[in-house]
Amino acid sequence: MELDWNDAQPIYRQLRDRVVAMMLDGELGEGDPLPSVRQVAFDLRVNPLTVLKSYQGLVDEQLIEKRRGLGMFVRPGARQLLLQDERERFLNTEWPRVVETIQRLGLDHKVLLSAANHDKPQGSPRR
């Protein structure tokens, strides 16, 4: 786990967001163990209490579970729960700003689709 720290957000929150991204990207699957608190603290040169606070937040969100004597593990259904929450957050907070920008710039759907297909190789079928 590697991180470039952002001074605008607490480290425990950045750690939490990294673990969430690993779950969403499939790097951590259901039942997979999380790296130990001590190992993450050592690797990232942060206080173990910071890592523990991050992990505890994920426990509180019911994304990971503690197994006494074994460590922390990704809970079944965690990825689906995250996808649902992230989609809802995107549609409720980010998408309205995107729509506002599109309208402000006077862009239409043809221009947007063309820009989205910009990186496709020539001759690729359109979806």
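Tutor: Two residues are said to be in contact when they have heavy atoms within 4.5 Å of each other. The model is predicted, and the part to examine is helix α3, residues 48-60.

Consider Ser54, which lies in helix α3. Its relative accessibility is 1%, and buried means under 20%, so Ser54 counts as buried. Apart from neighbours within four places in sequence, Ser54 is in contact with Tyr12, Leu15 and Arg16. The side chain of Ser54 also reaches the backbone nitrogen of Arg16, at 3.0 Å.

Tyr12, Leu15 and Arg16 are among the residues of α1 that meet α3. Helix α1 covers residues 11-24, and its axis comes within 8 Å of that of α3, crossing at roughly 50 degrees. The two helices are therefore oblique to each other, and α1 passes α3 in a right-handed crossing. On the α1 side the contact also includes Ile11, Val19 and Val20, while α3 contributes Thr50, Val51, Lys53, Ser54, Tyr55 and Leu58. By class, this contact has eight nonpolar, two polar and two charged residues.

Helix α3 also packs with helix α2, residues 37-44, at an angle of about 125 degrees, the axes being 8 Å apart. Helices α2 and α3 are therefore oblique to each other, and α2 passes α3 in a right-handed crossing. Val37, Val40 and Ala41 of α2 make this contact with Pro48, Val51, Leu52 and Tyr55 of α3. By class, the contact of α2 with α3 has seven nonpolar residues, with no polar and no charged ones.

Notes. Residues are numbered from 1 along each chain as its sequence is written. This is a predicted model: local features need pLDDT of at least 70, side-chain atom pairs count only at pLDDT 80 or more; totals for chains, interfaces and linings use all residues. Side-chain values use heavy atoms; hydrogens and water are left out. Axes are lines fitted to C-alpha atoms, for helices over the stretch in contact, and angles run from 0 to 180 degrees between N-to-C directions. Helices (H or I, at least four residues) and strands (E, at least two) are DSSP runs, numbered from the N terminus. Angles under 35 degrees count as roughly parallel, over 145 as roughly antiparallel, 65 to 115 as roughly perpendicular and the rest as oblique. A crossing is left-handed if the near helix is turned anticlockwise from the far one by less than a right angle, and right-handed if clockwise. Ala, Val, Leu, Ile, Met, Phe, Trp, Tyr, Cys and Pro count as nonpolar, Asp, Glu, Lys and Arg as charged, and the others, Gly among them, as polar. Buried means under 20% relative accessible area, exposed over 50%, partly exposed in between (1.4 Å probe, protein chains only). A polar contact is a pair of N or O atoms within 3.5 Å; within protein, one must be able to donate a hydrogen and the other to accept it, and residues adjacent in sequence count only if both atoms are side-chain atoms.
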